[in-house]
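Subject: Structure handover

Hi there,

I am passing a structure on to you, and I hope you enjoy looking through it. Please open it first and keep it beside you while you read the notes.

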Amino acid sequence: MAGSSAVTDGVAAAALRSVIQRVHEAAERSGRASDRIRIVAVSKTKPVSLIRQVYDAGHRSFGENYVQEIVEKAPQLPEDIEWSFIGNLQSNKVKPLLAGVPNLATVESVDDKKIADRLDRMVASIGRKPLKIYVQVNTSGEESKYGVEPSGCVELAKYVSQDCPNLEFCGLMTIGMPDYTSTPENFKTLAKCRSEVCEALGIPEEQCELSMGMSGDFELAIEMGSTNVRIGSTIFGAREYPKKN
Ligand SMILES: *Cc1c(COP(=O)(O)O)cnc(C)c1O
């Protein structure tokens, strides 16, 4: 393994390997199969060259937060990437997102019926395959965050799965706290939402994924049942944002 990859290997590819190892160990600690846990490499603000490096190391699942950024980057990268959109999505950006990224696999940030409807209709009008959907849940109890309240997750999950024929409900997602950290309470709340959703929809828990855990807490999230971790800075390095003033 070291032989051929050593030449092209870079910092991000090495970081990916270390994350894969840590995911594996966290899965083992909690008696779960690590091949059931997806790592979404969150590449927001990072250049195409760095994404390419992680792709060349064998990774295929990537996530972005901003429509403008993903529609710019995705066409410059291989088509077998499975893109996840994980940022807040406005109705008027649904069309450019779906038209600009044919290999968009998942939208993780659906938090109301209006955006679900818009996605459903746009998938139909473009004629692409169904889009996978996570319902985003606000598990922090604070107003500043996007996501439905835990008490509203059943209704929205039901809506996506029963009233949106072009969408495929696949689970629940949470960010956690407004500062993008998470607590064990956030993870517990999301797992509890899953029980309610699965009961209401009459589906087994394995059919409802949990997207929770980021760079700082993905091992804990896995131990608490996460099936989809979204990891940015640990793979790609710290993000630099232009200074606002
Ligand atoms: C940026 C972002 C991540 C990744 O955060 P890191 O702490 O860099 O791993 C995960 N999820 C969402 C929704 C994000 O916006």
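Below are notes on a lysine, a ligand, a helix and a glycine.

Before the details, please bear in mind that this is a predicted model: local features need pLDDT of at least 70, side-chain atom pairs count only at pLDDT 80 or more, and totals for chains, interfaces and linings use all residues. Residues are numbered from 1 along each chain as its sequence is written.

Let's start with K44. The UniProt record, an unreviewed entry, places the feature "modified residue: N6-(pyridoxal phosphate)lysine" at K44; UniProt positions are in the numbering used here, feature names are shortened, and annotations may be inferred rather than shown by experiment. K44 sits in the loop between β1 (38–42) and α3 (48–56). Helices (H or I, at least four residues) and strands (E, at least two) are DSSP runs, numbered from the N terminus. K44 counts as partly exposed because it has 18 C-beta neighbours inside 10 Å. On that scale, 20 or more other C-beta atoms within 10 Å make a residue buried, 12 or fewer make it exposed, and partly exposed lies in between, with C-beta atoms placed from the backbone. Not counting residues up to four places away in sequence, K44 touches E64, N65, Y66, E69 and G232; contact means C-beta atoms, placed from the backbone, within 7 Å.

G232 turns up again at the ligand. Of the 13 residues around the ligand, M214, S215, R230, G232 and S233 come nearest, where being near means a C-beta atom, placed from the backbone, within 6 Å of the molecule or strand. The elements giving two or more residues to this shell are β8 (228–231) and α10 (233–236).

Next comes helix α2 (residues 11–29). Its buried residues are A12, A15, L16, V23 and A26. Seen down the axis of α2, they fall within an arc of 105 degrees, so they line one face of the helix; the arc is that of the directions from the helix axis to the C-beta atoms. These buried residues pack against β1, α3, α9 (218–223), β8 and α10. The face turned away from the buried side carries the exposed residues S18, Q21, E28 and R29. Just after α2, G31 takes a positive phi of about 65 degrees.

Finally, G100 lies in helix α5 (residues 94–100). Leaving aside neighbours within four places in sequence, G100 is in contact with V71 and A74. The C-alpha atoms of G100 and E72 are separated by 8.2 Å, although the two are 28 residues apart along the chain.

Happy exploring!

How values were computed: Two residues are in contact if their C-beta atoms, placed from the backbone, lie within 7 Å.
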